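Here's a quick briefing for anyone meeting this structure for the first time. Have a look at it below, then read on.

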Amino acid sequence: MPFSLHGIGVSRGYAIGRTYLLQRNQPEITEYTIPDNIIEDEVRRFLNGLDLARRQLQDIRGRVSVTAPGDIGAFIDTHLLMLQDASFTEAPIHLIRSRRCNAEWALKIQQDLLVRMFDEMDDPYLRTRKDDVDHVVRRVQRILVTDDPAYFNDPDYAEMAASRLEGRVIVADDLTPADTILMQHQGVLAFVTEYGGPLSHTAILARSLGIPAIVGARNIRNYLGHDEPVIVDGRQGIILVGLDERILRYYREKQREERRQQRELNKLKGKPAVTRDGITISLHANIELPEDALAVRDVAADGVGLYRTEFLFMNRASFPDEEEHLASYLHVIKTLEGIPVTIRTADLGADKQLDSGRSGQVCTNPAMGLRAIRMCLKDLGMFRPQLRAILRASAHGSVRMMIPMLASIQEVFQVLKLVQETKQELRERGLAFDEHMPVGGMIEVPAAAVCAEQFAHYMDFLSIGTNDLIQYTLAIDRVDDEVNYLFDPLHPAVLTLIHHTIRAGQKAGIPVSLCGEMAGDSRYTRLLLGLGLTEFSMHPTGLLEIKKVIQGSVVSELNAIVGRLLHTTDAEKYAEILKDIAQN
Ligand code: PEP
Ligand code: MG
């Protein structure tokens, strides 16, 4: 009898395969007292355990293939960094000595403390990072309870290497980044986990690997057996069990249709995005890590419209220096061979904390606090090396610099003055840069959108950050699950601000792009065309689908319908016109 189980769909696609239940045998951790005379032996045992965990992770790090998504290696690096942190290297030793308890128990106490700290954080992304603490602690505990001192191989790896995972749907309580590395070449079809949300490792990695995934499917292992045929619908978050021939036929057809659509989309690579009435639209890509440039090349984007450099600053204790910045930018520029790259200066603060927030300094309202350009202007020691590196990178390719979260024109003046000073510094050092490197600003604070004409007057280009513009306009924390339902890109206030910004750019004769999630969501493409947008920037995976919609659109007609939409005060009519736009 067929039935369905539900979780949160976090990576699209359909998988039809047999389950592989990943049962990690978690050791039972109990407390026992260590006699005074062997306390130091216990400390040594603990340190040996840490050392072995480090070597295991380094071994796994070495297996990350060069073509693997950048996230994978970065997650392992985070775990390695944690193993060097005093909260792992010192605090448990202190507990062993002061409580005279065994090493596994000391780790457990420390784990509880760290998890509580993460739990209290406002930011869901950081709350999710308590998973890292669990993963690292469990690894060391498993080593400590294993008697064999020569034991080196990672137990998970041993189990997985011995199993045949090809064509399997992995079902687990949770997956560690190390798990995903070990599985990357094994032809796994999909991931289903009991824990995690859209920002969990499993979700991020599945999206990077392009396989379907469902997270948060609580207690699913109570209902699923090992080696059981299932269907995973990664968009809807549905796992179908007890399959019959009819269901299988239906989903096989859906899979075929999906592959057919992808093949059709692949044919659009390298073709221009021109509307039916002859308007050429530029399609750019958003990237986060230098390695992402490969995906940009793969879809033949017109450029990088948003390079989020803050990821260079995360998971570490100190700021990157000028040379480190430069090396990352040059990697992207060289990979992309001449297409323009828009490097955004650090957007730290809010959900992107230096050292992943482990310092525990999270202010009560980070999205409205010392974030992005505010933080850069306050900490010039951090900002200047990045400015120098972006300017130096401009000597090697078509580079634009973009400033996030501008709210007042004074900030623009401050930035432009700093750019002039930096140029002078580089001239004195005899270093090359592009004298005419464009400097643009993100319009993502409503104040900036309202005053877009001012910004357009002083800047070389604008880019609308709808993720933040919606959050600030509608007063909805973009990472708070409780108010997610109010996050509405179609709200008249949001559309009015987008329209106003595009018009301001047109009047000033400067390019305006849109680089928030809206740009990569095909439900909004026609609407944005109708609002006058001619430059989109999005995750590379969505680019060909957006191109297809553009090629089927007639901008002049959309302009007229959107004009009516913006003048409507009747809510019903507003909804009707939106429907009309979607179907046009
Ligand atoms: C945005 O706010 O829309 C944006 C693109 O920037 P981020 O998501 O990095 O804040
Ligand atoms: Mg933003």
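**A quick tour of the predicted model**

With 25% relative accessibility, Arg45 counts as partly exposed (buried is under 20% relative accessible area, exposed is over 50%, and partly exposed lies in between, using a 1.4 Å probe and protein chains only). This is a predicted model, where local features need pLDDT of at least 70 and side-chain atom pairs count only at pLDDT 80 or more, while totals for chains, interfaces and linings use all residues. Residues are numbered from 1 along each chain as its sequence is written, chains are lettered from A and ligands numbered from 1 in the order in which they are written, and side-chain values use heavy atoms, with hydrogens and water left out.

**The chain as a whole**
- You'll find 25 helices and 17 strands here (DSSP runs numbered from the N terminus: H or I of at least four residues for helices, E of at least two for strands).
- Of the 584 residues in the chain, 54% are buried.
- Take the contacts (heavy atoms within 4.5 Å) between residues at least 6 apart in sequence: 70% of them join residues at least 24 apart.

**Around Arg45**
- Arg45 sits in helix α1 (residues 39-61).
- Leaving aside residues up to four places away in sequence, Arg45 touches Tyr32, Asn102, Ala103, Glu104 and Leu144.
- Ala103 is 58 residues from Arg45 along the chain, and their C-alpha atoms are 7.6 Å apart.

- Glu444 is in the loop between β14 (439-443) and α18 (446-450) and Asp468 is in helix α20, so the pair ties together parts 24 residues apart in sequence.
- Glu444 and Asp468 are both buried.

**Helix α20 against helix α21**
- Thr466, Leu469, Ile470, Thr473 and Leu474 in α20 meet Ala493, Val494, Leu497 and Ile498 in α21.
- That contact involves seven nonpolar residues, two polar and no charged (Ala, Val, Leu, Ile, Met, Phe, Trp, Tyr, Cys and Pro count as nonpolar, Asp, Glu, Lys and Arg as charged, and the others, Gly among them, as polar).

**Helix α23**
- In helix α23 (residues 543-551), the buried residues are Leu543, Leu544, Ile546, Lys547, Val549 and Ile550.
- Those buried residues pack against α12 (245-266), β9 (273-274), β10 (280-287), α22 (525-530) and β17 (535-538).
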